[in-house]
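Me: I'd like to learn how to read a model like this one. Can you walk me through it?

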Amino acid sequence: MTMSKLPIIDIAPFFEPHNVEGRRAVADALHLACVQYGFFYLDISAYADPAEPEELTELARQFFALSQEEKDKISLKNEDHARGALKENVTNGKADNHEGIDFYRPVENPDKSKPLWGENQWPAIPGFREKYEAWIEKMKKLGLVVMEAMALGLGMSTQEWQELLRGQVDDSFWVMRIIGYPPLPTDHDGFSCGAHKDYGCLTRFLYADPTPNALQVFLPRRNNGAAKESITSGLPAEEGQEEGTWITADPIPGCVVCNIGEMWEIWTSGLYRSTLHRVIHRSSNYRVSIPFFFEPNFDAEIKPLPAALRLLANGEGTGKEIKHKEVVYGQFLLSKVTNNFAGGSKYD
Ligand SMILES: O=C(O)CCC(=O)C(=O)O
Ligand SMILES: [Fe+2]
């Protein structure tokens, strides 16, 4: 397994209003990372105290240590089949080995008979809801800042950002997962979470406990000419036999692991690519991760941005970019969730 070489980008200049040069450098680094990898570390130590997510993982551990009967009290079956605790998931037709709790942006007039339109369910653990709600607020603000930085990286003017993109993400239909991974039995040939791409926008801000060698990212050969290793096993069938390398993305103190989802592929007409990743957790501890998915607004109409089309017209990219269908984010999300509802996977 190749060690991680994903870029580390410090977002601090975007919290220093007059650091114009620093912002430019961050924006350029984000652009490069999204073209090359679709994955990067974001150093958020200037913005969030690392003690905060550590406290969140401790609260998560308290929940996962409860009896199944207790955990089932907030089962997603009680609600809209999207919000609440789940015992297991399936990716690419194989059982994953993790449990979790899913939360979505609250909606006005909840109605649990409608997919996604129910209410979040919180464990009855003192401080749990307050601490996580504070984190959600923080990640929402960070999401908007990173979106602005990425817009600058894509070559958008301030006016374009304000008129074409900000209004699509300023009321993010965010998703937060709290995931618990028991160790995979040594003779188990499966995955803790099978290979998948994230379907949202930007991003996942993933905080994970320090467990090494669990999260792995697939770097296709085209981005990685020098790689000697070439492993294709574990790829979902629809990814074909693309050659590439799985690298580990171990946690780095003060950083969250970020990756972009399918919405960025549409916005950039394929210039930015979302990247396959998976979790294989074989260490003896119980691993906890807390991905926060900063998503577009529910009614955002996602289509290629002029700035991306300008870059492509100027010869940036490989010329083999895959064009995606335009979507309304909420409709797209509902089609995914309805699939889960029918026994499919969260990650398909
Ligand atoms: O737990 C992790 O490190 C990754 C989780 C993940 O990929 C996801 O929830 O989409
Ligand atoms: Fe993922």
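Me: Where do I start with confidence?

Reply: Start with the overall scores, remembering that this is a predicted model. Here ipTM is 0.98 and pTM is 0.91. The protein chain has an average pLDDT of 88, and 87% of the residues reach at least 70.

Me: Over which residues does pLDDT stay under 50?

Reply: That's residues 224-231. The model still gives this stretch 15 contacts beyond four places in sequence.

Me: Now the metal. Which residues are the protein donors of the iron ion (ligand 2)?

Reply: For a metal site, list the donor atoms and then look at their places along the chain. In this model the iron ion (ligand 2) has H196 through NE2, D198 through OD and H277 through NE2, at 2.1 to 2.2 Å. Their spacing along the chain reads H-x1-D-x78-H.

Me: Is H196 buried or exposed? And what about D198?

Reply: Buried means under 20% relative accessible area. H196 has 6%, so it counts as buried. D198 has 5%, so that one is buried too.

Me: And the strand residue: where does P220 lie?

Reply: P220 belongs to strand 10, which covers residues 215-220. Its relative accessibility is 8%, so P220 is buried as well.

Me: How many Å separate the C-alpha atoms of P220 and G127?

Reply: Check sequence separation and spatial separation side by side. P220 and G127 are 93 residues apart along the chain, and their C-alpha atoms are 43 Å apart.

Notes:
Residues numbered from 1 in each chain as written. Chains lettered and ligands numbered in written order. Predicted model: local features only at pLDDT ≥ 70, side-chain atom pairs only at ≥ 80, totals over all residues. Heavy atoms only, no water. Donors = N, O, S within 2.8 Å, 3.2 Å for Na, K, Ca; no water. Buried < 20%, exposed > 50% of the residue type's maximum accessible area, 1.4 Å probe, protein only. pLDDT = per-residue confidence, 0-100. Contact = heavy atoms within 4.5 Å. Helix = DSSP H or I, 4+ residues; strand = E, 2+ residues; numbered from the N terminus.
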